[in-house]
8 protein chains.
Amino acid sequence: GYAKVDHHRGLRNGYPEVIYCEDKTTDEIKGIVEKMMERNQNILATRADEEVYEALKELTDDLEYYERARIVVIQKEEIELSESKILVMTGGTSDLEVAEEAAITAEVMGNTVERAYDVGVAGIHRLLAQKDKMAEANVIITVAGMEGALASVVSGLTDKPIVAVPTSVGYGANFDGLAALLAMLNSCASGLGVVNIDNGFGAAYLADSIINQIEAARE
Amino acid sequence: GYAKVDHHRGLRNGYPEVIYCEDKTTDEIKGIVEKMMERNQNILATRADEEVYEALKELTDDLEYYERARIVVIQKEEIELSESKILVMTGGTSDLEVAEEAAITAEVMGNTVERAYDVGVAGIHRLLAQKDKMAEANVIITVAGMEGALASVVSGLTDKPIVAVPTSVGYGANFDGLAALLAMLNSCASGLGVVNIDNGFGAAYLADSIINQIEAARE
Amino acid sequence: GYAKVDHHRGLRNGYPEVIYCEDKTTDEIKGIVEKMMERNQNILATRADEEVYEALKELTDDLEYYERARIVVIQKEEIELSESKILVMTGGTSDLEVAEEAAITAEVMGNTVERAYDVGVAGIHRLLAQKDKMAEANVIITVAGMEGALASVVSGLTDKPIVAVPTSVGYGANFDGLAALLAMLNSCASGLGVVNIDNGFGAAYLADSIINQIEAARE
Amino acid sequence: GYAKVDHHRGLRNGYPEVIYCEDKTTDEIKGIVEKMMERNQNILATRADEEVYEALKELTDDLEYYERARIVVIQKEEIELSESKILVMTGGTSDLEVAEEAAITAEVMGNTVERAYDVGVAGIHRLLAQKDKMAEANVIITVAGMEGALASVVSGLTDKPIVAVPTSVGYGANFDGLAALLAMLNSCASGLGVVNIDNGFGAAYLADSIINQIEAARE
Amino acid sequence: GYAKVDHHRGLRNGYPEVIYCEDKTTDEIKGIVEKMMERNQNILATRADEEVYEALKELTDDLEYYERARIVVIQKEEIELSESKILVMTGGTSDLEVAEEAAITAEVMGNTVERAYDVGVAGIHRLLAQKDKMAEANVIITVAGMEGALASVVSGLTDKPIVAVPTSVGYGANFDGLAALLAMLNSCASGLGVVNIDNGFGAAYLADSIINQIEAARE
Amino acid sequence: GYAKVDHHRGLRNGYPEVIYCEDKTTDEIKGIVEKMMERNQNILATRADEEVYEALKELTDDLEYYERARIVVIQKEEIELSESKILVMTGGTSDLEVAEEAAITAEVMGNTVERAYDVGVAGIHRLLAQKDKMAEANVIITVAGMEGALASVVSGLTDKPIVAVPTSVGYGANFDGLAALLAMLNSCASGLGVVNIDNGFGAAYLADSIINQIEAARE
Amino acid sequence: GYAKVDHHRGLRNGYPEVIYCEDKTTDEIKGIVEKMMERNQNILATRADEEVYEALKELTDDLEYYERARIVVIQKEEIELSESKILVMTGGTSDLEVAEEAAITAEVMGNTVERAYDVGVAGIHRLLAQKDKMAEANVIITVAGMEGALASVVSGLTDKPIVAVPTSVGYGANFDGLAALLAMLNSCASGLGVVNIDNGFGAAYLADSIINQIEAARE
Amino acid sequence: GYAKVDHHRGLRNGYPEVIYCEDKTTDEIKGIVEKMMERNQNILATRADEEVYEALKELTDDLEYYERARIVVIQKEEIELSESKILVMTGGTSDLEVAEEAAITAEVMGNTVERAYDVGVAGIHRLLAQKDKMAEANVIITVAGMEGALASVVSGLTDKPIVAVPTSVGYGANFDGLAALLAMLNSCASGLGVVNIDNGFGAAYLADSIINQIEAARE
Ligand SMILES: Nc1ncnc2c1ncn2[C@@H]1O[C@H](COP(=O)(O)O)[C@@H](O)[C@H]1O
Ligand SMILES: Nc1ncnc2c1ncn2[C@@H]1O[C@H](COP(=O)(O)O)[C@@H](O)[C@H]1O
Ligand SMILES: Nc1ncnc2c1ncn2[C@@H]1O[C@H](COP(=O)(O)O)[C@@H](O)[C@H]1O
Ligand SMILES: Nc1ncnc2c1ncn2[C@@H]1O[C@H](COP(=O)(O)O)[C@@H](O)[C@H]1O
Ligand SMILES: [Mg+2]
Ligand SMILES: [Mg+2]
Ligand SMILES: [Mg+2]
Ligand SMILES: [Mg+2]
Ligand SMILES: [Mg+2]
Ligand SMILES: [Mg+2]
Ligand SMILES: [Mg+2]
Ligand SMILES: [Mg+2]
């Protein structure tokens, strides 16, 4: 086989194995997933389109397709949800795809997830109305394109750790997400950790690693 | 003489002639100002340092140096202030230099200017507290560096025309003001006209041209 | 519903609600418009293609499709036109799409709009011939791609506020509108407010906010 | 006063007020610090040079200068250290300045800090030798310039949350830290939150906000 | 004929003539190959898709299509393999296409090639397990996208000459391979020669020129 | 000696040898010029500061320093001026340095040079007033910074070959001349050949090579 | 009509009107050409594909399609060829499209054109073999992609004026022609005027304007 | 101590330990060198200025300062020179500093080094005259700034492995070496391994690693 599947990760019960589908053929994906299924862990396939979903359906019935998130989940083990909470916020409706990639990933990794979508700074009252949700969260993931101001404003409103995800939503001098990326890296309000443009998965992964520390401390 | 002074501008009473000092020697500046003084108009010298000020003091006593704004004003005619108002806002204290370039320029061009400095989005309550000043203004100039989120948030709070000035305040992935520039160009809240990085003068000039139209309509 | 429709805007009579269609599915657009129609305001759908138009036609007959501008307008309230005028100018014929996005948007927002298209600096006599139109305008929107020199030259000919829209027309070292964008930001003639590349809507929005101030002063 | 000091932050006992000295004159810094001292909190002055230190020494004796970190600390309240640990790692000795900015900031904010410096990937045995320190840490801050590979390799070795700080150490196609920044944003090993180039302070701030959540869970 | 075929190269027995298919029509490719075939040398067609393969099959039966490598080889002369070895390593499975372009090219040029794929730094034990292969190689080609850390880590583990190939695998702030390219150019571990993004052919060509020198020395 | 002086050029009578002083020590320059002087040709030293001038004065009295142009000329042979004319135009006074580098270089190479400085598009009447000078020129060199619109407008007014020189005059989003460079490369009016930012010498060299062809045709 | 056709150009007998087809619909092109045909001048349609050709064939029989050049020529007046010569050179066969755009444009504008294609620096003997053609030319157009070294090397071999056209041929760190563009702007051999990436038309236009001056001098 | 000295390298007799002085204080350098001297190996200090040299002179008499190369060598063991040869070539005299960094480094590492300086493509006969030196070399290091065409042309003339070093020599659109870097990465002639801008040391290191393989094969 050409791909060396990494058996290191997945320490917690229910923790999924992950496959990133973007640069792979449907056949390759099917092959890798089949091999993964031998270990009976949960499987998370990101950037999966309809066609990948149909192909994986041939392997098992224990799967669900989250279209908005472009994620297929094959669930073999039960997922126990954390006491700690992750809040996922978006600036606009166009950021949903990335936000759902983050939210579903986080949930499959065993985290309790809250959502607050379309609360961007163009109408700041919608954002201020989320204060309670922010107060209850242990980690906040902010997803925003265009000028990405959401991340700074949220950070100004809270001292929770924030994972900032720039999206490629926008056009022109947006340069496919560069504007939002630079904005988040230069935020005047500290406490942000930035991930790659459109990287909902990576945001959830980082948030999950923080929640892991918190949950461990609870015990 | 090597410089062709442009006598076209300056239609309103008291309207100044302008000299941009950055790429000129003190001698050149002195020469140009001396020539300008023959027409007995007000004179605005931007990007002027201490040395330029000392040199121009030798030409006349009717001058004032605005150190923070790096501006020398030679006033020969009275300046009648507009009924309309320009509000100049900054995100932080480091944006003051550019903001004052805008504010003094606007005042010398005959505009009534309000200031609301250091009201950036890291502490949004400071910004929300400026709602009355915003309501009274006819044009708002927002001056911000780093991620430049101020412009978007202000624009979300008002429907007044906004002149957005990115500043080069920041470091690293700020790329000398590029982050703030891109943010302002990609604002999710419309109604912003963006000028060059650190261009307080140009912001005031545009704001003034808007005020001119409003004042004309009042009559 | 995933989208929080913002009921804040639209203060003036006839003022439209706006939907940006680019990153949305036809179904999403239809859903949002349906919800908007409950409030009986005018609706402006930008970046709308033929398919969107066909879908919205199923909701109402009070709609018009401006193909060149890629705009659908659903008119429920009468639009009262402003006394003040906006002049929209383009450098070439390829800039028409963006210019019409600006022009139609401005009209739907209640502004009187003049057009002067294909008057770029390659044949400067065509531009100089527009002096009367410029004199009559209260705000000028210049739309230009390639090197974007139109904005500077127009600004040199007038003291009216100018909204400069760079377009992505061009190729090679144009970098999808970057050349025109930088040119407009660096104009040697002050008085320009720049918006994002191809952002005809944003230009109209800013021009409208200026006209609002002028109209208010007339009263 | 031109600067609006923000009294919101600083919830925990001993939590410092912060001043960023880079774009301010020594006089301004002294003025701001004097005002801060009225509230008797600890004060952290970053990017402070010798001159700033000398000026602040005139205000109080309760101060220490961390030259390597370019930080002045004025300590008025006792700092209680966290049970949780932050590990700060650097790729080379040239990254020390940024690393110490992070380490001292974290300590003044009440965190227990471990250091593992000069353990870059050019000699990977030095890095592998840090496995115990990594296992004991709750958050890891990786500081690296040049190609910034340290962050990826560390992330591959642990599932702890990682705050990745690119530094401007390098030359040529490094473009002042851009190479390391892009590397960290594109890490093949997830779990990294990236901050601005050379932003040791921001890294500590984010790490601290994570530790806060962990400490709260301990109780 | 429009193309001047260069008869200079190909000094060694079996050394192939090369055609790069990307910007050429299938007809042009067929024409050029036909002309090449007159000289009875081996022929290597890179960036060849299915269609090119089908077209060339009409010219001869002595051809093989390496789909993964996108290479067609027409073999007329026997290829004698070198005693020296080239090791081709990749970070992930998505880098295979470029790696195979390098491997097949090197083989057709008469080099003994070893492969070690999917041994990226996210799971460093997989990489450390390749030490023997590295020790046996005379030249190592490292192929990696995303943050390209593989090249640095390999270089830190060996003093063999390394040809580093950044790939365009990744997204967002990867900027089509720029992140990996910059990483490799700025490697903290010396001994890397970098080629263009996705340039598997060029990597093999450089490795081959080194092997040529080694083989010559053996005699 | 480390520098191989190139004796190929300089075909016409009086044609100078050229030395570019920027990256050389005064001693190196003196050494090279001394060697050049053995051939008794004219010598043109560009980017020469006061110190270089003083050093070369020790070698000969037949030299002149053009301060504005930063050029030292050592004249040994008579310079016969061309019948054809080069017109050098600038947008502003800050472009003079580059313009004079072009003008003096062209003159020393035997060309008749006209100047029209500070005729930028901000006041287009000043530019239109140059129509006669343009009509008389055989080649036009346009020198402009900021948005570089001068080149396009001049090209729209004439069909003469134009050498366009972007200058680094400006700030912010000018990016040290990039804005003007891109503008000139993307001119909507064809007929421009662009040289490097601030490269007055190169512009003159190209103009001279054109004049050479014209002069040859006259005979 | 939306397009203002410019009747200024076309001074010489046979000089064509030009239409750039890229951003226009076939209907628009047909409409503009029809209008142009009323003046009975020759017409040059660049960036024209098969479909445009078919559409224009409906208007007239006096047309020819140069597929390689993507040009349609409608010839109404005889074209008198110049005594002076333009030599068009390319680095590789992939540059042909751009080279032919230049060559056909130049011919239709009345210039005698020589071609020397596929003479790039990878096999420098092919280039050195063109010395006679270079000696006979009055202007040389060099067309090259990838690293664009052809322009520099040709310039080192001749003192003729050179129009340098970078092409977008290449991949990876070529950045769509940027590499070749920068190379030509920074040539160590002076005497180059650079045009936009892939701008064969503009190169011909500039070369023609130079030939015009030479031809005029001949009389 | 803050710096972990790596004792892995230096397998061959005489192989030096290396210290990069750029970002270190003279005291730090002295400290590190003192520690290195305990092992009695040769020491190579790169990017060393006069001051560093003076400081190291206090530690030992067995040192030499290569000013042009900015290198200090402390020689404790004899250096046995390789039978294989490295040829270092430069485009211009301004590239000497980087070239000498490469040459001296290579020599101290035990390689026989030939030099061919100032043989750039502007006068290609100077380059062609180096054919014999190229034929005798086993590895060629080409050092060039500006448009970096030297690397391509040399590669077209030989099949030896080439290490290409772009330098930051140039100005304007050179962007501190970016132009040459891109040129070398996009060379139409394969067989180049590119190192970072101005990285003479890295070039020598790579060349040395190749020579090591060749020397080993000789035995
Ligand atoms: N949407 C995503 N974006 C970025 N990285 C991802 C994504 N999904 C998965 N990954 C990462 O890619 C790895 C799997 O890559 P692969 O072996 O190519 O399938 C996972 O372990 C994750 O670290
Ligand atoms: N601070 C400034 N930033 C940008 N443009 C300025 C500034 N100050 C003056 N200007 C412009 O520069 C022109 C004067 O330029 P100059 O003739 O070079 O002194 C004025 O008419 C303004 O348009
Ligand atoms: N100001 C300048 N800008 C760009 N190139 C120049 C300049 N002055 C001279 N040159 C070029 O540099 C060459 C001399 O370089 P050098 O041998 O380093 O003195 C001349 O032949 C010109 O081609
Ligand atoms: N291939 C081309 N590349 C760049 N500019 C062109 C090209 N063909 C025509 N042009 C220019 O475009 C103008 C015609 O533009 P348009 O009026 O839009 O058809 C001509 O006058 C030329 O200046
Ligand atoms: Mg916060
Ligand atoms: Mg608003
Ligand atoms: Mg104006
Ligand atoms: Mg990890
Ligand atoms: Mg190594
Ligand atoms: Mg022209
Ligand atoms: Mg030449
Ligand atoms: Mg070669």
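**View 1. The salt bridge of Asp62(C) and Lys76(C) in the predicted model**. Asp62(C) belongs to the loop between helix H2 (50-57) and strand S3 (63-66) of chain C, whereas Lys76(C) belongs to the loop between strand S4 (71-74) and strand S5 (85-90), so the pair ties together parts that are 14 residues apart in sequence.

**View 2. The salt bridge of Glu100(E) and Arg115(E)**. The side chains of Glu100(E) and Arg115(E) meet with N and O 2.7 Å apart. Because Glu100(E) lies in helix H3 (residues 96-108) of chain E and Arg115(E) in strand S6 (residues 112-116) of chain E, the pair ties together parts that are 15 residues apart in sequence. Glu100(E) counts as buried at 12% relative accessibility, while Arg115(E), at 27%, counts as partly exposed. In chain A, salt bridges that share partners join Glu22(A), Arg47(A), Arg70(A), Glu97(A) and Glu101(A) into one network.

**View 3. The salt bridge of Arg126(B) and Asp118(B)**. Here the closest N and O atoms of the two residues are 4.0 Å apart. Arg126(B) counts as buried at 13% relative accessibility, and Asp118(B) is also buried, with a relative accessible area of 7%. Over all chains, a search of the whole structure finds 119 salt bridges.

**View 4. The surroundings of Thr90(E)**. Thr90(E) is found in strand S5 (residues 85-90) of chain E and is buried, with a relative accessible area of 0%. A polar atom of the Thr90(E) side chain lies 3.0 Å from the backbone oxygen of Gly92(E), and a polar atom of that side chain lies 2.8 Å from the backbone nitrogen of Asp118(E). When residues up to four places away in sequence are not counted, Thr90(E) touches residues including Asp95(E), Ala99(E), Tyr117(E), Val143(E) and Leu150(E).

**View 5. The magnesium ions of chain C and chain H**. The protein donors of the magnesium ion (ligand 7) are the O and OG atoms of Ser155(C) together with the O atom of Thr158(C), lying 2.2 to 2.8 Å from the ion. Ser155(C) counts as buried at 6% relative accessibility, as does Thr158(C) at 14%. Ser155(H) is buried, with a relative accessible area of 6%, and Thr158(H) counts as buried at 13%. Chain C and chain H do not touch, their nearest C-alpha atoms being 13 Å apart.

**View 6. The interface of chain H and chain G**. About 1,900 Å² is buried between chain H and chain G, with carbon and sulfur atoms giving 72% of this area. Glu147(H), Asn186(H) and Cys188(H) supply 30% of the area that chain H buries against chain G, more than any other three residues. The contact takes 24 residues from chain H and 24 residues from chain G. Across this interface there are 0 salt bridges, although 10 residue pairs are in polar contact. Helix H4 (124-128), helix H6 (149-157) and helix H7 (178-185) of chain H each supply at least two residues of the side that touches chain G, and by class that side has 18 nonpolar, 5 polar and 1 charged residues.

Definitions and conventions:
Residues are numbered from 1 along each chain as its sequence is written. Chains are lettered from A and ligands numbered from 1 in the order in which they are written. This is a predicted model: local features need pLDDT of at least 70, side-chain atom pairs count only at pLDDT 80 or more; totals for chains, interfaces and linings use all residues. Side-chain values use heavy atoms; hydrogens and water are left out. Donors are N, O and S atoms within 2.8 Å of the metal (3.2 Å for Na, K and Ca); water is not among the atoms, so sites may look incomplete. Buried means under 20% relative accessible area, exposed over 50%, partly exposed in between (1.4 Å probe, protein chains only). Contact means heavy atoms within 4.5 Å. Buried area is the accessible area (1.4 Å probe) that two parts lose on being put together, summed over both. A polar contact is a pair of N or O atoms within 3.5 Å; within protein, one must be able to donate a hydrogen and the other to accept it, and residues adjacent in sequence count only if both atoms are side-chain atoms. Helices (H or I, at least four residues) and strands (E, at least two) are DSSP runs, numbered from the N terminus. Ala, Val, Leu, Ile, Met, Phe, Trp, Tyr, Cys and Pro count as nonpolar, Asp, Glu, Lys and Arg as charged, and the others, Gly among them, as polar.
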